[in-house]
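User: I have a structure open and a few questions about it. Can we go through them one at a time?
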Amino acid sequence: MTTSQMLGSLLKSARDIMRKDKGLNGDLDRLPLLTWIMFLKFLDDLEQQREEETALSGKKFKAAIEAPYRWRDWAADNQGITGDELLSFINAEEAVRADGKKGPGLFAYLRALSSSNGDNRRDVIATVFKGVDNRMKSGYLLRDIINKVGGIHFTSSDELHTLGALYESMLREMRDAAGDSGEFYTPRAVVRFMVEVTDPRLGETVLDPASGTGGFLVEAYNHLEKQVKTVADRKRLQNDTITGCEPKSLPYLLCQMNLLLHGLDAPQIDPGNALRFKLSEIGEKERVDVILTNPPFGGEEEKGIQGNFPEDRQTAETALLFLQLIMRKLKRQPTAVSRPARAAVVVPNGTLFGDGVCARIKEELIKEFNLHTIVRLPNGVFAPYTGIPTNILFFDRSGPTKEVWYYEQPLPEGRKNYTKTQPMQFEEFTGCMAWWTKREENDQAWKVPAKELLAAGCNLDRKNPRAKVDFEHLPPEQLADDILKKELRIAELMREIKAALGASA
């Protein structure tokens, strides 16, 4: 057994070794490298376990990776191939293999795998390695890292749990290193809150069409795992529950590994763009019960993608295309546990007040779905990656919207903003979660009838009627109007005072 401390120091020393290599530049290079090495070790541990189980049941075992490309064939021996020989075996199209014969190099073999033998994991492996490169220049340092990862035992659930937590901390560090490419990270507190109140139940299907590194799917898996009582429950959770979509190769690899480490044996993550299908062709069998996501915003989609949407709803704004996709992907019928299909979606402020195409989409949302809650997140939740104010839309298939509840999540007492070192904490949502099931208007919560929102051109950007007005954040025209009104009122009062003084003289 490897303890948490041992695992932590093992990963730290692996990263220290990587720092010496001239081919790697920062955590954005180091984490993917460590990930694909761990991925292969994990897979081999899993395969050996499956092989033993299959032998006991008297069935024939189909390996996802065959000899001599399995971890145990080329990596397990600490004194095995190293230096240029190791680099050649991994990188080259053709190389001398561990069995001494010539054949495809490791990556060339893995990229060519297909599920023709009925094992879907082969497609997953091929897709993962199509987006992976080995950037290390030293085969000796690479051997040292392989030996370190060889010390992790992926068959122990305790160890997997510990490694999952360590991996998450590495993902956070990578987010910090990513800067502009950090668009695929949502603060853990926000993810957990969305999962808790949406409350996926075993028997329901869960989708994140913009998975990134898998934060929502991991949290949903953890939430559902607590509900597993039988072998059939376990099978259902493993095979028929969690799906995602992530077209970028790096987050796709990290998402696969993240889910594997948290206990999902064969993650079903589609490596294509979720927006690539014609909206009108998505039928009931492609629909799901629960959607949890933070789609990319501020992006622009190409004309070919925009053409998949109705003519009067076409836009380059990624967030609006995703919102339409999510609405289309929700099942119309109640779920297996007799609840309406539902979604929780992070959107930028612009979606709330946008007009034109945006207003038409919101009109459909209000008329065809129950947009029951909008949680207004405080400023800086996504800092330092974006300063754009954000909201969470919660809607379901229970019928048209009658009223929309708003909940303004406050900043903690004494705080003006969140920072990288002081991010939002899950405990801050305690008030909102207590209110969620017993709704009453208060200083944070208010409701607006759907009729009023439709009459106002579907502008959902409603301010808290009990909030103190912050003049700093008012639009310039409104500030000028307010000042003018006050000046006129002062002049009027002065006239009244003057008249009163004249009358008493």
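User: Is Arg276 buried, partly exposed or exposed?
Analyst: Arg276 is partly exposed, because its relative accessible area is 35%, which falls between the cut-offs of 20% and 50%. Keep in mind that this is a predicted model.

User: Which residue does Arg276 form a salt bridge with?
Analyst: The partner of Arg276 is Asp270, and their closest N and O atoms are 2.9 Å apart.

User: And how exposed is Asp270?
Analyst: Asp270 has a relative accessible area of 23%, so it counts as partly exposed.

User: Why would two side chains like that pair up?
Analyst: Side chains of opposite charge can pair when their charged atoms come close.

User: How many salt bridges are there in the whole structure?
Analyst: The search finds 29. One of them joins Arg72 and Asp44, with the closest N and O atoms 3.0 Å apart.

User: What does the Arg72 and Asp44 pair tie together?
Analyst: Arg72 is in helix α3 (residues 71–74) and Asp44 is in helix α2 (residues 27–56), so the pair ties together parts that are 28 residues apart in sequence. Arg72 is partly exposed at 26% relative accessibility, whereas Asp44 is buried at 5%.

User: Which residues are linked in a network of salt bridges?
Analyst: Asp312, Arg313, Arg360 and Glu364 are linked that way.

User: Changing topic to strands. How many residues of β9 are buried?
Analyst: Seven of the seven residues in β9 (residues 390–396) are buried.

User: Which of them point which way?
Analyst: Thr390, Ile392, Phe394 and Asp396 point one way from β9, and Asn391, Leu393 and Phe395 point the other way. In a regular strand the side chains alternate between the two faces of the sheet.

User: Which strands does β9 pair with?
Analyst: Strand β7 (residues 342–348) pairs with β9 in the antiparallel sense over seven bridges. Strand β8 (residues 370–376) also pairs with β9 in the antiparallel sense, over six bridges.

User: What stands opposite Phe394?
Analyst: Ala344 stands opposite Phe394, and Phe394 is also the bridge partner of Thr373.

Notes
Residues numbered from 1 in each chain as written. Predicted model: local features only at pLDDT ≥ 70, side-chain atom pairs only at ≥ 80, totals over all residues. Heavy atoms only, no water. Buried < 20%, exposed > 50% of the residue type's maximum accessible area, 1.4 Å probe, protein only. Helix = DSSP H or I, 4+ residues; strand = E, 2+ residues; numbered from the N terminus. Pairing = 2+ DSSP bridges. Salt bridge = Lys/Arg side-chain N within 4 Å of Asp/Glu carboxyl O.
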